[in-house]
Amino acid sequence: MSMTYERAMEILDPQHREHYPSIEPVNEACRMGMEALKKQIPTAPILSGDGYADGVLVYDTWECPNCGEKYEVEYEQYGHCPSCGQAIDWSEG
């Protein structure tokens with residue numbers, strides 16, 4: 001059985017005084033916490049295009065750098081990927 005997010009938060013809570021018979025629950029909670037934190041660091045999307053306008057490539061698709069899900073640039077510029085929650089940094093686009 002995999003660990004729930006609620007259980008991981010409980011293990012990582014400094015006020016939680018439970019004693020663990022092995023380090024495995026702590027390792028799993030730390031892995032889950034790191035995975036969640038990484039998604040909060042804004043990362044530039046991967047831009048791609050399939051056509052040119054006035055000799056310049058037109059970027060019409062962006063891909064989430066975390067999960068690879070693709071979206072239309074003109075209509076779907078989210079602050080976070082709707083699929084995995086990765087924070088998206090549009091500052092260089």
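## From fold to core

Among contacts in the protein (heavy atoms within 4.5 Å) between residues at least 6 apart in sequence, 28% join residues at least 24 apart. The model is a predicted one, in which local features need pLDDT of at least 70 and side-chain atom pairs count only at pLDDT 80 or more, while totals for chains, interfaces and linings use all residues. Residues are numbered from 1 along each chain as its sequence is written, and side-chain values use heavy atoms, with hydrogens and water left out.

The protein contains two helices and five strands, taken as DSSP runs numbered from the N terminus (helices H or I, at least four residues; strands E, at least two). Read from the N terminus, these elements follow the order α-α-β-β-β-β-β.

Of the 93 residues in the protein, 16% are buried, where buried means under 20% relative accessible area, exposed over 50% and partly exposed in between (1.4 Å probe, protein chains only). The protein exposes about 7,000 Å², and 53% of that comes from carbon and sulfur atoms; these areas come from the Shrake-Rupley method with a 1.4 Å probe, and for residues only the protein chains shown count as cover.

The largest nonpolar core has seven residues, namely Trp62, Cys64, Tyr71, Val73, Cys81, Cys84 and Ile88; such a core is a set of buried Ala, Val, Leu, Ile, Met, Phe, Trp, Tyr and Cys residues joined through side-chain atoms within 4.5 Å. A second, separate core of five residues includes Met3, Ala8, Ala29 and Met32.

For Cys81, the nearest cysteine sulfur is that of Cys67, 3.7 Å away, and Cys81 counts as buried because its relative accessibility is 3%. For Cys84, the nearest cysteine sulfur belongs to Cys64 and is 3.7 Å away; Cys84 is also buried, with a relative accessible area of 18%.

The aromatic residues come next. A search of the whole structure finds three aromatic pairs, where rings of Phe, Tyr and Trp (its six-membered ring) pair if their centres lie within 6.5 Å, and planes under 30 degrees apart count as stacked, over 60 as edge-to-face and the rest as tilted. The rings of Tyr71 and Tyr78 have centres 5.7 Å apart and planes at 85°, which is why the pair is edge-to-face. Tyr71 is buried at 9% relative accessible area, whereas Tyr78 counts as partly exposed at 33% relative accessibility. Both tyrosines belong to one aromatic cluster formed by Trp62, Tyr71, Tyr78 and Trp90.

Note on methods. A disulfide is a pair of cysteine sulfur atoms within 2.5 Å.
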